[in-house]
Amino acid sequence: METLNLLGMGFEQALTPEALMFCLLGVSLGTFIGVLPGIGSLTTIALCLPLTFHLEPLLGLIMLAGIFYGAQYGSSTASILLNVPGSAPAAITCLDGYPMSRQGRAGIALFITTIASFIGGSFAILLLVFFAPVLAGFAISFSAADYFSIMILALTAASTLSVGSPMKGLAMVTFGLLLGMVGTDINSGQFRFTFGIPALTDGINLVALAMGLFGVAEILNNLNEGKVPQAGKEKITFKQMMPTRDDWKAFRYSCMRGSVIGSFIGMLPGTGPTIATFMAYAGEKKLSSTPEKFGQGAVEGIAAPEAANNASVQAAFIPTLTLGVPGDAIMAVMLGGLLVHGIIPGPQLVTTDAALFWGVVASFWIGNVLLLILNLPMIGLWVKLLSIPYRFLFPAVLFLICIGVYSVNNNAVDVLLTLGFGVMGFFLNRHGFPSAPLLLGFVLGPLIEENFRRALVLSDSNLATFVQRPISLVFLLLTAILLVYSFWRKNSTNNLSQAQT
Amino acid sequence: MTRFFKQQLLPTLPTLLLALTGLAAGITAFTYDVGSFTDMGPGFFPLALGIILVLLCALILWREPEAPETTSSDEKGAVHPFAWRPFAAVSASILAWVLLAETAGFFAAAICQVALSALALPEPRWRSIIILAVLLATGGYLLFVMQLGVPLSAIG
């Protein structure tokens, strides 16, 4: 009952005209960049981060979160119509979405992915409402050692469970942790790795790093590949969108399974939506009595991953807000944004900042309903967006990156750093080194060091404290299992080619 | 020599550079107070991380020596050969902003930046690019300078 009262209070916060406006702004912007291939939601969130510094924390978070889940709605559009994912998690939707579009069923595919997104998102929000306070209550007893261990687990999971070489992921996480050390050590006041550059004494600017690694590197990669695909003159009308009875039948259970898988994966620290969609797809295929239909336009093949995608995105707020441990790079940027506002996510957030927590949760509901409206009757508008040529898009994004990074500290050195990180990210990505673990390591670096130090102080410098506390021990054991597994396996089985077979 | 460079050295270069970064970080950390487990100094964590990074890079070179070039964005795992033109254009574009924003003013910086970025295209269409540049500069000025108070002057 108390939960419902708190949720009611949250709705009061989220239904003010201002909050509604920022929610609408966030989800529209999210859908916009989600639809367009070549601009990721991380770039957009990092771009908007400096804008939110002028806002109340609640309004800022509502908008940033709206971009994140709005982008998941939009990203399936390009997958279905162009066979190009609008963002990484939507890659799997290409497998059956594009064949549906070739069969003249694009409208139905768009309808199904939108409904699946809505159901997946709603399911995870329900979980967030009832489970997050419980988890927060449990986490209130976490000690510094426990936090250290869960962060180590999150970083290990994020770098070993993603697509590609787990060892390269781990190397990038370590590099990110090192970058997180740059700046003034809070305990001794010692400048570390600042090389006499004043702009570095407060540490590397998160926005500069994120924009470089994702924004600039993305543009370099797209331009290097030559052409970003463009839509033909597709016209989708509301009439073409109605699924048949058979479609509904296929949709029902796969959507529910996708929601459950997505919510579960999203809650785990260190696992993002990409893993959730791959697992949902693989699961559907295994359960299906007609697995040969997958890849030929099976409704299950788009319903489950899209539900999982949105469920994982909403569920990812559970560990981020209640433990302060982000699940993926995007949540890490959002965590960074909260820290700038002086809000430290953790178990206390749910009680001490109850208005903020419940306001954000309530805004998720509102945002998802807005997205349903934006994506069903207005789908034609978003499809038209696909015809914006990339030759106009990338100069505009580059311009926004420059002015956006500059505006954080009014400092041109930050923009130069962005270029440096962009070039670095571009080359490292080309050689199979992923950027997301680096960003996660960067955000968690100072927190990990602080908790490690605090744990040792609390235990009179006894290293055994990390294995003597049962919670910490469990996290460390899980980390060890992950490490052994990924070293033994050498290359991830979670890649696309394996999901297809 | 060039063949050796292209086939052997180039693919491992990123790993080697990362290892070198770890090594440099570890050595630099020694110039800070490292301390001990009982009393961690500011150099302790960076030193540990530097060592781990070097070890991981060694592991990569040992276990995945061929280091095939793969991009995460390409579903087929194919890597497009490196093209100088877009790379140089994007770099020049950002550099122009860095150099001009505080010296030549917002509009000059923005227009140069957008125009230079268009050089990334094989056949830039200058008329539309200039229109885009002026539109972006005006909109950016209204939002960031007038509205958000970024201290940049319009001209010089």
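1. How far does helix H5 of chain A reach from its first C-alpha to its last? In this predicted model, H5(A) covers residues 91–102, and its 12 residues reach 17 Å. That is close to the 16 Å expected at 1.5 Å a residue.

2. Because 11 of its 12 residues are buried, H5(A) is largely enclosed by the rest of the structure. If you are wondering about the cut-off, a residue is buried if 20 or more other C-beta atoms lie within 10 Å of its own. The buried residues include Ile92(A), Leu95(A) and Met100(A), along with Asp96(A), Tyr98(A) and Pro99(A). Gly97(A) and Cys94(A) are also among them.

3. Just past the end of H5(A), have a look at the backbone of Gly104(A), where phi is positive, at about 80 degrees.

4. Of the 156 residues in chain B, 34% are buried.

5. Chain B is divided into two parts: domain 1 takes in 2–63, and domain 2 takes in 84–147. How many Å separate their C-alpha centres? The centres of domain 1 of chain B and domain 2 of chain B lie 37 Å apart.

6. Among the contacts in chain B with a separation of 6 or more, 51% join residues 24 or more positions apart.

Technical notes: Residues numbered from 1 in each chain as written. Chains lettered and ligands numbered in written order. Predicted model: local features only at pLDDT ≥ 70, side-chain atom pairs only at ≥ 80, totals over all residues. Contact = placed C-beta atoms within 7 Å. Helix = DSSP H or I, 4+ residues; strand = E, 2+ residues; numbered from the N terminus. Expected span 1.5 Å × (residues − 1). Domains from an automatic or database assignment.
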